[in-house]
Amino acid sequence: MQFDIKQKRENDYLDYLDRPIPLYSNRLKTIIHKFAPKLFVKSVVLVDRERIKQDLYWLMILLRVNCLSEQSEFHRDGSLKRLVLDPEKIGRHTIFQIEGIREPYILIDLRLAEALLRRDFFGIRLKKAEQAGRRMSHAHD
């Protein structure tokens with residue numbers, strides 16, 4: 001796939017783009033694939049025609065896991081108020097999205113989170129997710 005990018009004075013090429021679809025830089029994809037080698041990916045090229053520049057990104061199709069704990073809380077409009085995960089339902093998943101919520105959170109296990117933190121990625125913010133037992137991190141844009 002190929003997307004033309006909107007012309008700006010300067011474009012920031014982040015390692016994670018959440019709009020219009022979630023895209024991962026080649027550097028970020030390389031690290032994620034070390035921890036989740038069976039993850040489905042499709043290459044996407046971002047084209048800056050004015051500057052004659054192309055950048056390789058990746059579309060990753062993440063598994064949706066039904067892993068919400070009964071302790072999770074929602075606002076009246078259905079948005080998430082308090083995220084609590086059930087570690088029994090997570091199993092051995094390394095990177096995934098949560099089934100049953102509207103928010104597009106991406107959950108990663110602690111080993112992958114530590115690998116990301118050791119590098120200088122741009123456009124990624126990690127936050128601990130509440131669950132019994134071990135800790136997971138969810139990535140924000």
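This is a predicted model: local features need pLDDT of at least 70, side-chain atom pairs count only at pLDDT 80 or more; totals for chains, interfaces and linings use all residues.
Colleague: What is the general idea behind a salt bridge?

Modeller: Side chains of opposite charge can pair when their charged atoms come close. Here the cut-off is a nitrogen of Lys or Arg within 4 Å of a carboxyl oxygen of Asp or Glu.

Colleague: How many salt bridges does a search of the whole structure find?

Modeller: The search finds five. Let us take some of them in turn.

Colleague: Which residue forms a salt bridge with E73?

Modeller: That partner is R82. Their closest N and O atoms are 3.4 Å apart. Now check the surroundings. E73 has a relative accessible area of 32%, so it is partly exposed. R82 is partly exposed too, at 30%.

Colleague: Which side chain meets R82 in a salt bridge at 2.6 Å?

Modeller: E130 does, with that distance taken from N to O. Look at where the two sit. R82 belongs to strand 8, residues 80-82, and E130 to strand 12, residues 125-131. The pair therefore ties together parts that lie 48 residues apart in sequence. E130 is partly exposed, with 33% relative accessibility.

Colleague: What about D109: buried or exposed?

Modeller: D109 is buried, because its relative accessible area is 7% and the cut-off for buried is under 20%. D109 forms a salt bridge with R111, and the closest N and O atoms are 3.1 Å apart. R111, at 48%, counts as partly exposed.

Colleague: Which residues do salt bridges with shared partners join into one network?

Modeller: D15, R27 and D120.

Colleague: Now a charged residue without such a partner. Where is the place of E103?

Modeller: E103 sits in the loop between strand 10 (95-98) and strand 11 (106-108). E103 is buried, yet it has no salt bridge.

Colleague: How far away is the nearest side chain of opposite charge?

Modeller: For E103 that side chain is R102, 5.5 Å away. A salt bridge needs the atoms within 4 Å, so R102 does not qualify as a partner for E103.

Colleague: What lies 2.8 Å from a polar atom of the E103 side chain?

Modeller: The backbone nitrogen of L80. Leave aside neighbours within four places in sequence, and E103 is in contact with S79 and L80.

How values were computed. Residues are numbered from 1 along each chain as its sequence is written. Side-chain values use heavy atoms; hydrogens and water are left out. Helices (H or I, at least four residues) and strands (E, at least two) are DSSP runs, numbered from the N terminus. Buried means under 20% relative accessible area, exposed over 50%, partly exposed in between (1.4 Å probe, protein chains only). Lys and Arg count as positive and Asp and Glu as negative; His and the chain ends are not counted. A polar contact is a pair of N or O atoms within 3.5 Å; within protein, one must be able to donate a hydrogen and the other to accept it, and residues adjacent in sequence count only if both atoms are side-chain atoms. Contact means heavy atoms within 4.5 Å.
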